[in-house]
Amino acid sequence: LQISGEAQELFSVRHGPVRAARILPAPQISAQKCDNFSEKRPLLGVCKSIGSSGTSPPYCCVDLYSLRTGEMVKSIQFKTPIYDLHCNKRILVVVLQEKIAAFDSCTFTKKFFVTSCYPCPGPNMNPIALGSRWLAYAENKLIRCHQSRGGACGDNIQSYTATVISAAKTIKTGLTMVGKVVTQLTGTLPSGATEEEILAHSNMRRSPLVPGIVTIIDTETVAEGQVLVSEDSDSDGIVAHFPAHEKPICCMAFNPSGMLLVTTDTLGHDFHVFQILTHPWSSSQSAVHHLYTLHRGETEAKVQDISFSHDCRWVVVSTLRGTSHVFPINPYGGQPCVRTHMSPRVVNRMSRFQKSAGLEEIEQELTSKQGGRCSPVPGLSSSPSGSPLHGKLNSQDTYNNFTNNNPGNPRLLPLPSLTVVLPLAQIKQPMTLGTITKRTGPYLFGAGCFSIKAPCKSKPAPQISPSKSVGGEFCVAAVFGSSRSWFANNPGLKREKDQSKQFVVESLYIISCYGSLVEHVLEPRPLSTAPKISDDTPLEMMTCPRASWTLVRTPQWNELQPPFNANHPLLLAADAVQYYQYLLAGLVPPGSPGPITRHESYDSLASDHSGQEDEEWLSQVEIVTHTGPHRRLWMGPQFQFKTIHPSGQTTVISSSSSVLQSHGPSDTPQPLLDFDTDDLDLNSLRIQPVRSEPVSMPGSSRPVSDRRGVSTVIDATS
């Protein structure tokens, strides 16, 4: 999508059914590790129903095509079906049933594999999350010696709806139990058994699997071959290992920095946000802080997509019903409010007022006096309350590992209290956009309304998930990005004027399986029912669809296949990224005229004439070592000023007073602040009135001369 709002098609091909496709990012290179496929990039990894060999079973091989030349550069075969592909600058991850295989992104040789994944009923058969360096997956057992400190706290939400639904489930469970007893007596499973029951049936003979456990491994330091988390294995490469949910995990995602992990379970009521704080020694010393529980609702829904904004202040979770839920969070935890989410930039955890007033220490004292660390509601101890998970976590010592692993680890702060966040907006994608003709430009909404028509009954809805062809599923994916509709709305205005008006939140783009891409504008604002607006006022959000693009292809359209010419956007982007990767690695980029720097390296600063360049460079640097305080110390609530009346008058000495450096008659320097000397004239000191004037602050509207005048009680230099 160009800035002007036009959608340009870059690549299209008809391959038959495709289960997964990813454009592989340019790999990280170094002097020791070069890219074997550099002249073929960008590469596209595809998992199709009919592989390149044609003989393998469907969806069992990954084909890597070059988008530059159009040829297939590599094919990786598997014996079992592939469910998904993930990739970053280091590895390509192939997700199979209960297995994960990772390949080096430069050579596509096998690096490591995991075989202990917990099976999920769908839509993600084997959910994983791949950050820039870490890989998270659902482990099928909890190994105590590797377990990290922390993990899931109780959710503590129990509404009336939840109680009713829970009662209904209890009745259903009772009936199911009767059915299972009958089944065991007859020794057969009924034909209409669900996947979970079949799994349970097959696992009866093996050791029981534990749902909801997450393991995070470091793809750089993990050993080659099989990654096994067991009592006997050492914890090389294991970053964290902790319980995240009680039910099987359904979907996971890292934030852009890779420090936060969002997990969802198969019920889809609550999504958990964890902060991963690692330890270089072992995963049992790492801490996993449960920062947020994002509460979606009481009905069941399967999560298909999780997306973060670039500044990690917003999370969008999309379910298979086609609804995207927008949640506000902070990367460091705490309640989202006007101060944290109404500015275009991320603010610090403590405001300047809180810092200078010393409120943080008071808060910590209060929380330590109250009960458990897990208690999400201030004032409550960590007694089992409301949520069934909360009760179990306190009764089962399996989960209560604060005492097990780290008795009084001084390195780790007390866990931050858990915050429950409700969605500020729920955006439902329409099945079809009513009055749109075939065009690549955006279709703009005037008043922000959709014209939605019911989809035709004659045309069957496309089958979405390979695992289940149940109706009612509606595939969507969401991503945050800068607005593209602004220019299309106001083509006459210059783009520079738009830059001055900063949006607090980027636009949210949601694409559906029917080929409609809609840009939604998100506008957070203070809660309208709040009596007065302060920094801590909760938020509400206005959303409106601003523009839509119809990207669905008709059979008559031509395919856009490589080889492409050199000014194709995909190739231009790949070349630019590769060029800078070479510069970062200190190598000479291919095609550049000869060695640009000494010793063919960009990082050799130790040579003879580099000093001159350094001086030039340093002259351009502005160094700010610290910023001044927002409020002077004596303005905080922990200071009190009282007037002392020794003889009915107050003596005020400032450090710039002439009396401090008074010289004797023989012009010998007197010792500073020596009040016992005879020639100190007390009458020459400035005598202040008893009542003190307010202190004038830098940046206030009063003139400078007035500021240095009589009203100064304590100089800024004292």
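Modeller: Arg133 and Asp218 form a salt bridge, with the closest N and O atoms 2.8 Å apart. A salt bridge here is a side-chain nitrogen of Lys or Arg within 4 Å of a carboxyl oxygen of Asp or Glu. The model is predicted: local features need pLDDT of at least 70, side-chain atom pairs count only at pLDDT 80 or more, and totals for chains, interfaces and linings use all residues. Residues are numbered from 1 along each chain as its sequence is written, and side-chain values use heavy atoms, with hydrogens and water left out.

Biologist: How many residues apart in sequence are the parts that Arg133 and Asp218 tie together?

Modeller: Arg133 lies in the loop between S9 and S10, Asp218 in strand S12. Strands (E, at least two residues) and helices (H or I, at least four) are DSSP runs, numbered from the N terminus. So the pair ties together parts separated by 85 residues.

Biologist: Is Asp218 buried or exposed?

Modeller: Buried means under 20% relative accessible area, exposed over 50%, partly exposed in between (1.4 Å probe, protein chains only). Asp218 has 8%, so Asp218 is buried.

Biologist: Which residue in S12 stands opposite Leu135?

Modeller: S10 (residues 134-139) and S12 (residues 213-218) run antiparallel, joined by six bridges. Opposite Leu135 stands Ile217.

Biologist: Which residue forms a salt bridge with Asp575?

Modeller: Asp575 is in helix H10 (residues 569-584). Asp575 is partly exposed, at 34% relative accessible area. The closest N and O atoms of the pair are 2.6 Å apart, and the partner is Arg68.

Biologist: What is the angle between the planes of Tyr509 and Trp549?

Modeller: Rings of Phe, Tyr and Trp (its six-membered ring) pair if their centres lie within 6.5 Å; planes under 30 degrees apart count as stacked, over 60 as edge-to-face and the rest as tilted. These two are 6.3 Å centre to centre and tilted, at 40 degrees.

Biologist: Over the face of which residue does Arg19 lie?

Modeller: A charge sits over a ring if NZ of Lys or CZ of Arg is within 6 Å of the ring centre and within 35 degrees of the ring normal. Arg19 is 4.1 Å from the ring centre of Tyr59.

Technical notes. Pairing = 2+ DSSP bridges.
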